Amino acid sequence: MRSATRRRLLVLGLAVVALAACGKKGPPVAPEIRVPAVPGALHGAVEERSIVVSWTAPGTRLDGTRLRRIGTYRVYRREEADGGPVKSAMLSSGRVVGYDEVATIRPEAPAPAIVQGSTVTWVDGRALSMGRRYVYVVTAEDDLGRTSGPSERLIVPFLAAPRAPQALRAVPGDRRIGLSWRAPAELVDGSPAGGDLRYLVLRGSGATGALAPITPQPLADTTFTDTGVDNDTDYRYAVRAVRVEAAVTATGEASAAVTATAADTTPPSAPTNLVALPSAGAVRLGWNPSPEADVAAYAVYRAGESGEFLRIATTLATGTVYTDRDVRAGASYRYAVTAIDNARRSNESARSNVVSVRIQ
C-alpha cells in the first residue's frame, strides 16, 4: 500500500513539474501599448476634381508617453455607393481590412503631401468617380514600425464642383480695390449650379506673385472690397466658387485673373493765407502750408488783371515762399497757390485765396 501511494505521489509531482514548465508564470503579458496614438481631426473637401484629406499628427503613444516623430503615415480608402452603413476599419497584420492603401507618406520627404506643423495634407486624385462616396482612414507608424490603430473614418461624397466665376472686374481706389464677378451657371459635370454658392478671393502681388486666399471664409456676395493694399502697387486677383453642402464643400477652379493698382486720388487741402508784397521789379509771395503729410510741392499761378491763371513755378514742400521777378512796372497781377501730393499720379489741390498787386 505504501509503495502504491509513493508511485501516485511521484506521478503527481511530475505532472506539476510538466505544467510548470509548459504554462505561463506570473500575471498575463499586457498588450502592446508603445504604439502611436491614432491620427486625429480628419477633414476632407472636394477641390476641383480631387479630394483633399488632412489630419493631425499624434503627439503621444497609446500609453500616454511622448511620441517624438512619425516614421510613416499610411492612407487607406474605400469606395462606396452613397447611402447605407459604412464598413468598419480594423487593423490586421499591419493593414486595414477591406480598404485599399492609396498613399504612403514619410514626413521627412512628404511630397506630394504637405506637412505644416502638426497638420498633414494630401490630395487624392486617383480614379475618383463623381457621385460616389469615399471613406478614408489613416494609420501612423513610429521609426520601429509599430503601427497605430486606424483613425476615425472620414466620409467624403465626391460632389461636382462649380465652374469658374465669370467677368471678374477690378476697380482701383485710394488704398482699396473693388471687385465684382458673375456667378457660374454650371457645375463641372454640366448640371445647373444651384444651391448655396460662395466665393474665395485670391490675391497676388506683381505680375508673377502666387495667388493665395485673402478671405478666410467663403463670401456669400459677388462683390468684395480689398482694403489691405498699398497705393501704387500692382495686384492680381482671381475668384473661386465654393459649393457648400452639409456633408462637404466643393471648390472649383479659379477664374481668369485681373490686375489692378490702388492709387491715391484724394488731393491735399489748399494752402491758405496767401499774401503778396510787391517791390520794384519783383513780387514776394508767402502762404500757410497744407496740413497733409504727403504734400510734395506747391505750384504758383499768375494771371494778369484779367485772363486765365498760368502756372509759373513750383517749389518744394519745405518752402512756402516764392519771389516772382518776371514782372513789369505799371502792370497788375493776380496770384494763387496750390498743393501737389507725392502720389504716382499726383493730385493737385484747389487754389488758395487769390491776391492782387500792382507794380510801381
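A strand here is a DSSP run of E with at least two residues, and strands are numbered from the N terminus. The exercises below use this term on a predicted model.

**Exercise 1. The largest pocket**

Find which strand gives the most residues to the lining of the largest pocket, and sort the lining by class.

Solution. 
- Step 1. List the lining: His 43, Gly 44, Ala 45, Val 46, Glu 47, Val 52, Val 53, Ser 54, Thr 121, Thr 249 and Thr 251. The pocket has a volume of about 330 Å³.
- Step 2. Find the elements that give two or more residues to this lining: strand 1 (40-47), strand 2 (50-56) and strand 17 (249-254).
- Step 3. Count for each element. Strand 1 gives the most, with 5 residues.
- Step 4. Sort by class. The lining has 4 nonpolar, 6 polar and 1 charged residues. Gly counts as polar in this scheme.

**Exercise 2. Aromatic pairs**

Classify the pair of Tyr 134 and Phe 158 and the pair of Trp 181 and Tyr 199, and state which parts of the chain each pair ties together.

Solution. 
- Step 1. A search of the whole structure finds 5 aromatic pairs, among them the pair of Tyr 134 and Phe 158, with centres 6.5 Å apart and 80 degrees between the planes.
- Step 2. Planes over 60 degrees apart count as edge-to-face, so the pair of Tyr 134 and Phe 158 is edge-to-face.
- Step 3. Tyr 134 lies in strand 9 (residues 133-141), while Phe 158 is in the loop between strand 10 (154-157) and strand 11 (166-173); the pair therefore ties together parts that are 24 residues apart in sequence. Both Tyr 134 and Phe 158 are buried.
- Step 4. For Trp 181 and Tyr 199, the centres are 5.6 Å apart and the planes 65 degrees apart, and this pair is also edge-to-face.
- Step 5. Trp 181 belongs to strand 12 (residues 176-182) and Tyr 199 to strand 13 (residues 197-205), so this pair ties together parts that are 18 residues apart in sequence. Trp 181 and Tyr 199 are both buried.

**Exercise 3. A hairpin**

Describe how strand 19 and strand 20 are joined and what lies between them.

Solution. 
- Step 1. Strand 19 (residues 272-279) and strand 20 (residues 282-288) run antiparallel, joined by 6 bridges.
- Step 2. Look at the turn. The two strands form a hairpin with 2 residues between them, and Gly 281 in the turn has a positive phi of about 80 degrees.

Definitions and conventions: Residues are numbered from 1 along each chain as its sequence is written. This is a predicted model: local features need pLDDT of at least 70, side-chain atom pairs count only at pLDDT 80 or more; totals for chains, interfaces and linings use all residues. Side-chain values use heavy atoms; hydrogens and water are left out. Rings of Phe, Tyr and Trp (its six-membered ring) pair if their centres lie within 6.5 Å; planes under 30 degrees apart count as stacked, over 60 as edge-to-face and the rest as tilted. Helices (H or I, at least four residues) and strands (E, at least two) are DSSP runs, numbered from the N terminus. Buried means under 20% relative accessible area, exposed over 50%, partly exposed in between (1.4 Å probe, protein chains only). Two strands pair if DSSP finds at least two bridges between them. On a 1 Å grid over the protein atoms alone, a cavity is a set of points where a 1.4 Å probe fits but cannot get out, and a pocket is an open set with protein on both sides within 12 Å along at least five of seven lines; lining residues have an atom within 4 Å of a point. Grid points are joined across faces, edges and corners, and a volume is the space filled by probe spheres set on the points.
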